[in-house]
Amino acid sequence: AEAEAEAEAEAEAGNHLDWTAKQGRILTDGGNALHYYSQENGFPFSPEELPHHYLELGVTHSILGNWARERRRRRLEDSGQTTAKRRSSPPPTLALSHGTRAVILQSSPIIGAWDRPLFAGKWEHSTDAEEIVYNIQTGTLFVDLRIPRSKPTGAWEKLGCIDRNPRKILESMSDRDLRLYARQHVFGGYSMLTMEATNPKRPLCTRHHCIDWNYVHGKPRSRPNKWYIESKNSNTGPADTWKEWSYSTDKNAQCYYFERWQRMKGDENGEGFLLAMRKKNDDQNDGILVAVGNHFNYVLGRQWNGREKAYCDASNLVELVDSAIDDSDRDTAISHLTLDGGHGTISSGWKVDCSIQPWNHGTRVFQIIGGGGTTIRVMGDGTDYFSWNVVIGDTSWEICECSVDSAKELENLLSRTEKNCNQSRL
């Protein structure tokens, strides 16, 4: 019986170690996606469409911030909520690599908190029985969290008693555990929605990443994170289900993967409370916090110690961690694994319930993102949230999107605990 249990545990670990590779096979049709995104196949692209293009250039704060400000300005003009003279110019467009232009959409059908019941490619698929997914999308920023259920979360939750410093906790883990820990995913950035004249009924989303678990410096993703949005028709309000279809197609002119997204309870159909914040550019490492309705996601960048080595053959995080451990280079592996992200609910008092770092479960998110402090202050006058300054502990944050009308109201909302939280206001 003991031998059978050990064999079962090893088989489970083997399945877990394959999780990232399987996700990649589904997403790329076994590695063929780069060919599908090509001039020869009818889907050329520009460097500006690549998910890590602005990250590699180090300009995501200025570029993504300008996009958010322009979106806000256009929406205020369209709703008549500004005293500025309304422009008669056509809606903004993006130049595409094949000589046409796409209209930038100011509204989004995918604002909300979403889980993923199904992710399917040509010959493989995964479901919510295999992974927990929290994809929180505002009109600007997003954070997408994906945790395999095979992750040994229960054992790692207890590691928080060792130390609250994530590097020290990771240093206490075995080489085998670090390999297992690498098999999960979180990323965040900006979702740009457009509509092409050749396909006016299906919006397109192109995601630009500024923090990414899978990203290795100098090895950016070589094809766009770009897909069609197909919403389920609804006569009662926003759709509660939509599908993500690959933009490029295979040799049979068919989309080679799709993801089915299901709205989560408590997101107010994307029409209630909305918040998108990002750490200011002068902070030591990057961070994003997004909230829709009662749900929030966060992601924090990596913590470096200056002793990391380069692994030129590694094209993603899992390959790098495996190579570093094979080379007895735990420093490099651990530095890359310090990236953090998670999900929680506001009604719990902003407590985390699912995280890359499971020892953070049950912790208020501001203790995690505040750099050691927990004091929350939101300073600024008027309704222009771009001029507000959010200070959480030792960190400063800027706002890209917010549905509340004053800095004081936002400060009160962020300061809520489980005892005084009124969910009906969320």
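Are E401 and R71 buried or exposed? In the predicted model examined here, both residues are buried. Their side chains meet in a salt bridge, with an N to O distance of 3.4 Å. E401 belongs to strand β19 (residues 395–402) and R71 to helix α5 (residues 60–79), so the bridge ties together parts that are 330 residues apart in sequence.

The pair formed by E401 and R71 belongs to a set of 24 salt bridges held by the structure. Another of these links K122 with D250, whose closest N and O atoms are 3.8 Å apart. Here the partners come from loops: K122 lies between β3 (112–120) and β4 (125–127), and D250 between β10 (241–246) and β11 (258–263), so that parts separated by 128 residues in sequence are tied together. The two partners fall into separate classes of accessibility. K122 has a relative accessible area of 34% and is therefore partly exposed, the range for this class lying between 20% and 50%. D250, by contrast, has a relative accessible area of 5% and is therefore buried.

A further salt bridge joins D286 to R278, with the closest N and O atoms 2.5 Å apart. Because burial is assigned under 20% relative accessible area, D286 counts as buried at 15%. R278 is likewise buried, its relative accessible area being 2%.

Salt bridges also occur in a connected arrangement. R116, E131, D144, R146, R207 and E259 are linked in a network of such interactions.

The packing of two helices was also examined. In general, a packed pair of helices is described by the distance between the axes and the angle that the axes make. For helix α8 (residues 175–182) and helix α10 (residues 330–337), the axes come within 11 Å and cross at roughly 35 degrees. The crossing of α8 past α10 is left-handed. On the α8 side, the contact is made by D175, L178, Y181 and A182, while α10 contributes R330, I334 and L337. By residue class, the contact of α8 with α10 comprises five nonpolar and two charged residues, with no polar ones.

Terms used
Residues are numbered from 1 along each chain as its sequence is written. This is a predicted model: local features need pLDDT of at least 70, side-chain atom pairs count only at pLDDT 80 or more; totals for chains, interfaces and linings use all residues. Side-chain values use heavy atoms; hydrogens and water are left out. Axes are lines fitted to C-alpha atoms, for helices over the stretch in contact, and angles run from 0 to 180 degrees between N-to-C directions. Helices (H or I, at least four residues) and strands (E, at least two) are DSSP runs, numbered from the N terminus. A crossing is left-handed if the near helix is turned anticlockwise from the far one by less than a right angle, and right-handed if clockwise. Contact means heavy atoms within 4.5 Å. Ala, Val, Leu, Ile, Met, Phe, Trp, Tyr, Cys and Pro count as nonpolar, Asp, Glu, Lys and Arg as charged, and the others, Gly among them, as polar. A salt bridge is a side-chain nitrogen of Lys or Arg within 4 Å of a carboxyl oxygen of Asp or Glu. Buried means under 20% relative accessible area, exposed over 50%, partly exposed in between (1.4 Å probe, protein chains only).
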